[in-house]
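Visitor: Please show me how to read the features of this model, one at a time.

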Amino acid sequence: MNADALHYLSDVIKKNQFSESDAASWLDVLADTWTKREEGKPLVELEALKALVAAVAVGSDSSMEVITGDAANGGDSAVTSTSKARSDLFTVIDAFDIPTWWYDTGKKMFVQPFEKGDILSSAESKAALFRQRYDLLRQRVMRNENFTPVSFSEHEKDRFYKLSTIDSLQGREGEHFLLFGMLSQLEEAKLFLEDKAGSIELDFSDMNSKHTEVNGLFTESCFVLVDGYVEDGIFRVEEIGLPPPEAKERTRAAFPNVNLFGGQPSLRTESQLRSIEVSNENGIIVLSDVWLDQQDTMDALQTLFEGFSHSTPPIAFIFIGDFSSKPFVPGSGDTAQYKDNMTALGQLIGTFPEIARNSHFVFVPGNNDPWGQGALPKPPIASYFTKRLGNRVTNVTFTTNPCRIKYCTHEIVVFREDLLKRIRRNSVLPPTEGTEIVKHLVRTVIDQGHLCPLPQRIRPIYWAYDHAMRLYPIPDVLILADRFDSYSINYESCHCINPGSFSSGDFSFFMYFPVSRTSQYSKIPKK
């Protein structure tokens, strides 16, 4: 810390007449917040410190005077007082604003690439996309307790799995190996496993004859663990599985100063955030396929708002597209109609002033909403269509698909895609019967650490923004908005929700309660 910054801190402490214990506590909060926001930047400079002190004062619940002028250098000073906490508890993170972190296998840490992400990125970005997925999952697998022996004794080593690379299989036919890599179709009607060292053809006849269980949905571009042996240059697979998941607490412990989720860290402590969660029993409303061009939908929304107008407004309403029953066609009459539909929704929300003032509104576009080029992430709906709606609602965000949301200690990921249909259509192995198909889907997505583990030709992703599709660490809530039947499932401490289709179904939706980390299925009766 330089001298000016040190003098400034001393002046703030004197101005507020902190006791020795209060000053120590306040300095601890400053240090912790600096570490989280600046990720350990060693030198604390005056201007950055002023901004930090002001932000911590605004984020606290107590009244405090902050020197904003040049008092540290003997000049005139201005004093401001903050008496109420800023509403920074609910934050929406755009997919294009999520920081890019690459895992460096040499340094065994996350680093940020020098090249800034761009929609029109170089071909190198495509290769880096799959390398990063591989490196990220492999380091996670190697940290798993089943792959990490606690000692070097032969007895201990035999109890743990050992990963081999494909290039190490040469000349070792008949031996058993456990491999990790990506499924790909390098030749027509033949499935291969690829890692950074090479590729090998796979044969599943042994698995099929033994009726081995298949847990998960496997497609090309999925990363898998395969156990088997080499025969005639082909790897005979006896078992296949997804990479084991990792608890979010363990991920954060491994990378404590890396903000993988995105967004500014909260100025409140973890205990403060949890106490706010506990004190608020309201929920977050999640709706998908809200077709604003249909009168039945508008009537159902009015009933929904009326139901909540007689109690404390919900924390948020998450509206997920499509927002029209038919695909948007640029240059047609759809433009004016779409804009009018959004305006009508704004007018409807405005008739419930308490909800319009106090609830957060988040709008996530679907595939049939403007604009986007068919690749993920999909940009927000253009302000041309939404400006009049935004003028009527105090807290409204039009964001990308997918997007991320922070509420107190909760990390929420929202994704609109008919994912189950796409993955089932492109599966290379049928899953074991007897398990609900949605459980296979949720397990696949979370174990892959990726929202859309499909080949680029099936579901294109902007190469430089593949990191925005990651699920690492595992979020607290995962909203997979799909036209499949509604469901809610818990897997690896993640509460996964599919609200189903609001307009094409029975006007069903989910309400998620952060205080209990549970959700409730509801529907609006048709008139």
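Visitor: How many bridges join β8 to strand β9 (residues 198–203)?

Guide: Two strands pair if DSSP finds at least two bridges between them. Here four bridges join β8 to β9, and the strands run antiparallel. Within this pairing, E194 has S199 in β9 as its bridge partner. A hairpin connects β8 to β9 through two residues. Strands (E, at least two residues) and helices (H or I, at least four) are DSSP runs, numbered from the N terminus. This is a predicted model, in which local features need pLDDT of at least 70 and side-chain atom pairs pLDDT 80 or more, while totals for chains, interfaces and linings use all residues. Residues are numbered from 1 along each chain as its sequence is written, and side-chain values use heavy atoms, without hydrogens and water.

Visitor: In what sense does strand β7 (residues 176–187) pair with strand β8 (residues 190–195)?

Guide: β7 and β8 pair in the antiparallel sense, over four bridges. E187 stands opposite K190 in β8. These two strands also form a hairpin, with two residues between them.

Visitor: Which residue stands opposite T518 in β24?

Guide: That residue is F513. Strand β23 (residues 508–513) is joined to strand β24 (residues 518–523) by six bridges, and the two run antiparallel. Their hairpin has four residues between the strands, and R517 in the turn has a positive phi of about 55°.

Visitor: Which residues have a positive phi although they are not glycines?

Guide: Most residues other than glycine have a negative phi, and most peptide bonds are trans. S221, in the loop between β10 (218–219) and β11, has a positive phi of about 80°. D232, in the loop between β11 and β12, has one of about 55°.

Visitor: Is S221 buried or exposed?

Guide: Buried means under 20% relative accessible area, exposed over 50%, and partly exposed in between (1.4 Å probe, protein chains only). S221 has 7% relative accessibility, so it counts as buried. D232 has 61%, so D232 counts as exposed.

Visitor: Where are the cis peptide bonds?

Guide: One joins G321 and D322, with omega about 10°. D322 lies in the loop between β14 and α10. Another runs from Y472 to P473, with omega near 0°. P473 is in the loop between α14 and β20, and Y472 has its place in the loop between α14 and β20 (477–481). Y472 counts as buried because its relative accessibility is 8%. The C-alpha atoms of Y472 and K248 are 7.9 Å apart, although 224 residues separate them along the chain.

Visitor: Which residues line the largest cavity?

Guide: On a 1 Å grid over the protein atoms alone, a cavity is a set of points where a 1.4 Å probe fits but cannot get out; lining residues have an atom within 4 Å of a point. The lining here consists of Q132, R133, L136, L137, Q139, R140, Q448, G449, H450, R470 and Y472. Helix α4 (residues 123–143) gives the largest share, six residues.

Visitor: How many aromatic pairs does a search of the whole structure find?

Guide: Rings of Phe, Tyr and Trp (its six-membered ring) pair if their centres lie within 6.5 Å; planes under 30 degrees apart count as stacked, over 60 as edge-to-face and the rest as tilted. The search finds 28 pairs. One of them is F305 with F352, a tilted pair at 5.8 Å centre to centre and 50° between the planes. F305 is in helix α9 (residues 295–309) and F352 in the loop between α10 (334–350) and α11 (353–358), 47 residues apart, and the pair links these distant parts of the chain. Both residues are buried.

Visitor: Why is the pair of F323 and F363 tilted?

Guide: The ring centres of F323 and F363 are 5.8 Å apart and their planes stand at 55°, so the pair is tilted. F323 lies in the loop between β14 (316–320) and α10, and F363 in strand β15 (residues 360–364), so this pair ties together parts that are 40 residues apart in sequence. F323 and F363 are both buried.

Visitor: Which residues form one aromatic cluster?

Guide: The cluster consists of F305, F308, F317, F319, F323, F352, F361, F363 and F398.

Notes
On a 1 Å grid over the protein atoms alone, a cavity is a set of points where a 1.4 Å probe fits but cannot get out, and a pocket is an open set with protein on both sides within 12 Å along at least five of seven lines; lining residues have an atom within 4 Å of a point.
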